Amino acid sequence: MRIGFGAFLAGLILVVGTACGTGGSAKGGDANRGKKLFLSQGRCASCHTLADAGSKGEVGPNLDHAFEAAKSEGFKESTIRNVVLDQIRYPTKGSGMPADLLHGSDAQDVAAYVARCAASTDKTACPGTAAGGGGKGLYASLGCQGCHSLDGSPSTGPTFKGLFGSKSKLTTGQTITADEAYLLESILDPDKQIVQGYQPGVMSAVIKKGQVSEADAKKLVDFIKQSR
């Protein structure tokens, strides 16, 4: 993505500069709120690496690498913000990213955050994730919060609140208890056992089998156990 990105960006400037075909140009946006969305319902962290967010997704482009050349060449933050917004609205064909994953001010805020903190060396504006290490840090860096809430809210995957020790019925009809062994296996091999009401292939699309080490998976299990 680094090679040729300047040319790619320059081409997009002609479009976003006049807001043609992009649904309108970026109107500022709240970068602080954008970071929260990037790490939660935006599900950006599960697919994209961005050092400030602590995310390590490998499905989509590494955003630090993608915008490094543009920033070194002196492109304005407002220009990059428009490019990011354009990609949120109209993702590159075949990229696997759904169009309009975020709308309105949510899209504007995420665009503002990425434009400010991708490839940033400003430790004041982009100090890095505050999630810390251990399971909580992995919950953020792997993008788990995009599909698994901590407060019981429904999402793409089961909430972590009260998950440990609970009973669920699998698509096979078998009833299982979400003990340490089950949770560990679900992280290491996401599609092996699917709870009724959820679809296979969702988690494994962003967290591949074997991507998370057993040591990190155990940290996540410990984090889930504390989510009551």
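Good morning. The model before you is a prediction, so local features are taken only where pLDDT is at least 70 and side-chain atom pairs only at pLDDT 80 or more, while totals for chains, interfaces and linings use all residues. Residues are numbered from 1 along each chain as its sequence is written, and side-chain values use heavy atoms, with hydrogens and water left out.

Let me begin with the overall architecture. The protein has eight helices and four strands; here helices (H or I, at least four residues) and strands (E, at least two) are DSSP runs, numbered from the N terminus. Starting at the N terminus, the order of elements is α-α-β-β-α-α-α-α-β-β-α-α. Of the 228 residues, 43% are buried. The term buried means under 20% relative accessible area, exposed means over 50%, and partly exposed lies in between, with a 1.4 Å probe and protein chains only. The accessible surface is about 11600 Å², and carbon and sulfur atoms account for 54% of that surface. These areas come from the Shrake-Rupley method with a 1.4 Å probe, and for residues only the protein chains shown count as cover. Among contacts (heavy atoms within 4.5 Å) between residues at least 6 apart in sequence, 57% join residues at least 24 apart.

I now turn to helix α8. Which residues of α8 are buried? They are Ala217, Leu220, Val221, Phe223 and Ile224. Because these residues cover an arc of only 160 degrees around the axis, they lie on the same side of α8. The arc is that of the directions from the helix axis to the C-beta atoms. The buried residues of α8 pack against α6 (134-141) and α7 (180-188).

Helix α7 also contains Ser186, which counts as buried at 17% relative accessibility. A polar atom of the Ser186 side chain lies 2.9 Å from the backbone oxygen of Tyr182.

Finally, the salt bridges. A salt bridge is a side-chain nitrogen of Lys or Arg within 4 Å of a carboxyl oxygen of Asp or Glu, and the structure holds nine of them. In one, Arg33 pairs with Asp109, with the closest N and O atoms 2.5 Å apart. This pair links distant parts of the chain, since Arg33 sits in helix α2 (residues 31-39) and Asp109 in helix α5 (residues 104-117), 76 residues apart. Arg33 is partly exposed at 34% relative accessibility, whereas Asp109 is buried at 7%. Arg33, Asp106 and Asp109 are linked in a network of salt bridges.

A further salt bridge joins Asp52 and Lys35, whose closest N and O atoms are 3.3 Å apart. Asp52 lies in the loop between β1 (49-50) and β2 (55-56) and Lys35 in helix α2, so this pair ties together parts 17 residues apart in sequence.

Another salt bridge connects Glu185 with Lys192, the closest N and O atoms being 3.2 Å apart. Here Glu185 is partly exposed at 25% relative accessibility, and Lys192 is exposed at 54%. Thank you for your attention.

Methods:
Polar contact = N/O pair within 3.5 Å; in protein donor to acceptor, adjacent residues only side chain to side chain.
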